[in-house]
Amino acid sequence: MSVRLEISFSKSAKLNGGLAILLKTAEADSAAGAETVDPAGVIAKAARIARFSAKSMSGLDIVAPEGAPVERIVVIGLGKAAELTAHDWLKAGGAAASKIKNTDKAAVFIDVPGLETSARAAADFALGMLLRAYSFDTYKTKKSDEEEKPVKSVKVTIVTADPSGAKKAFSDSEAIAGGVNLARDLVNEPPNVLGPVEFAAKAKELEKLGVEVEILTEKEMRRLGMGALLGVAQGSVRPPRLAVMQWKGGKGKDRPVAFIGKGVVFDTGGISIKPAAGMEDMKGDMGGAAAVTGLMHVLASRKAAVNAVGIIGLVENMPDGNAQRPGDIVTSMSGQTIEVINTDAEGRLVLCDALWYCNDRFKPQFMINLATLTGAIVVALGNVHAGLFSNDDQLSAQLTAAGLSSNEKLWRMPLGRDYDKLIDSKFADMKNTGGRQAGSITAAHFLKRFVQDTPWAHLDIAGTAMGSPQDEINQSWGSGFGVRLLDELVRAHYES
């Protein structure tokens, strides 16, 4: 359960106990707010003894001396001012949030002497605090000694020169935090709790924010001819769903931008069953659908001036007696036939029908799909970058830039006819896997066959959506990767 931070902005803070958090650059002679919280000048002495030089994200924790207006002082280092990036403000907020312990109030001074702190920077700092405060312990009944007390609310006052500007910018930050943490919740939920029907219900809750949501059942998908998606679902007693979310914040005549997510709520591999070791992690095989749902939450919450469509294909892949077999041939909504070589290459079967449906119905400006699709992309890129595949250089460049800005980084991978021919089939129009070599690339080529001429990008987030390294703004197994990335893309290029 997340600690609830009640964040406000002010030009000054009334200090009477609690925690004071001060920021400092490597060059600055003093930390922000030092003259207010440290009349005795203990920070300089403590920094000298601890050899604290304000390196980026380093910390100095001090018990305040007698006579100080607070009980504890924490100084967070920002590193060199000239090297400070927008993402560093998020990280600094996360580092600050990690220091909030055993207190119900904190004052944060962020206007470092000699450094101009914008309202946007203050809001980013606050966003970092919200992202770091997230945790998922819904199902823990026993707490450690330090967790015995119920989760509390902490009042945080951020002291800055432009509190009104920061407050205005922070409204967007709260929307982003809500979307990221929603995606994290979805990925972290156990698979017995979050099936396709339950996930669809979570998407339906976005109607409270003004999102139009339709839930297509198995009957409706069969009528549409979604044989590829339904083939994956047929081995599970839990019926599939297709959730269609629309946010209409742009002009009526504007074509929407579209985001499609793989939502395999649990993936055993089907008849091509996975090894037992680590299979529990396959509850996160719906990280793409979680990101799309989180993104739609953000766009609606901040009233984004764009028409956007989010579509998620929700299935469970199980090895039942009715499950599809290697060698089966299914017919997709597009009419193209697919030979199922490996039932564990199921995500692309879900996505191909969702992509075709989206393109056929909405005629979007572009389509971006997100999926925890291949282990091959983890071998290639680890968990630092997600794989980017695209048929459009402009869209690819925009996504890459958004990744650098949000620090949800992408690396563009190749496409080409020599790879595409690896999924040609002797018995059908294509097969669902080209084998071990270039596995992430052939998977992308499979999807490419279902987008026609629409600008399209495929983000393989298998290494970044779950189990990625913990950092200043994420301590969760489910990271929510993709939400901030795609919100930045929309904000930078597609709002009217």
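By the rule used here, this predicted model holds one cavity of 30 Å³ or more. A cavity is a set of points, on a 1 Å grid over the protein atoms alone, where a 1.4 Å probe fits but cannot get out. Grid points are joined across faces, edges and corners, and a volume is the space filled by probe spheres set on the points. The volume of the largest cavity is about 30 Å³.

V187, G287, A290, A291, A465, G480 and F481 line the largest cavity, where a lining residue has an atom within 4 Å of a point. Helix α9 (residues 287-301) gives the largest share of this lining, three residues. Five lining residues of the largest cavity are nonpolar, two are polar and none is charged; Ala, Val, Leu, Ile, Met, Phe, Trp, Tyr, Cys and Pro count as nonpolar, Asp, Glu, Lys and Arg as charged, and the others, Gly among them, as polar.

Now for an open space. A pocket is an open set of points with protein on both sides within 12 Å along at least five of seven lines. At least two lining residues come from each of β9 (257-267), α10 (347-362) and α11 (375-381), with α11 giving the largest share, four residues. Helices (H or I, at least four residues) and strands (E, at least two) are DSSP runs, numbered from the N terminus. The lining of this second largest pocket has eight nonpolar, 13 polar and eight charged residues.

Residues are numbered from 1 along each chain as its sequence is written, and side-chain values use heavy atoms, leaving out hydrogens and water. In this predicted model local features need pLDDT of at least 70 and side-chain atom pairs count only at pLDDT 80 or more, while totals for chains, interfaces and linings use all residues.
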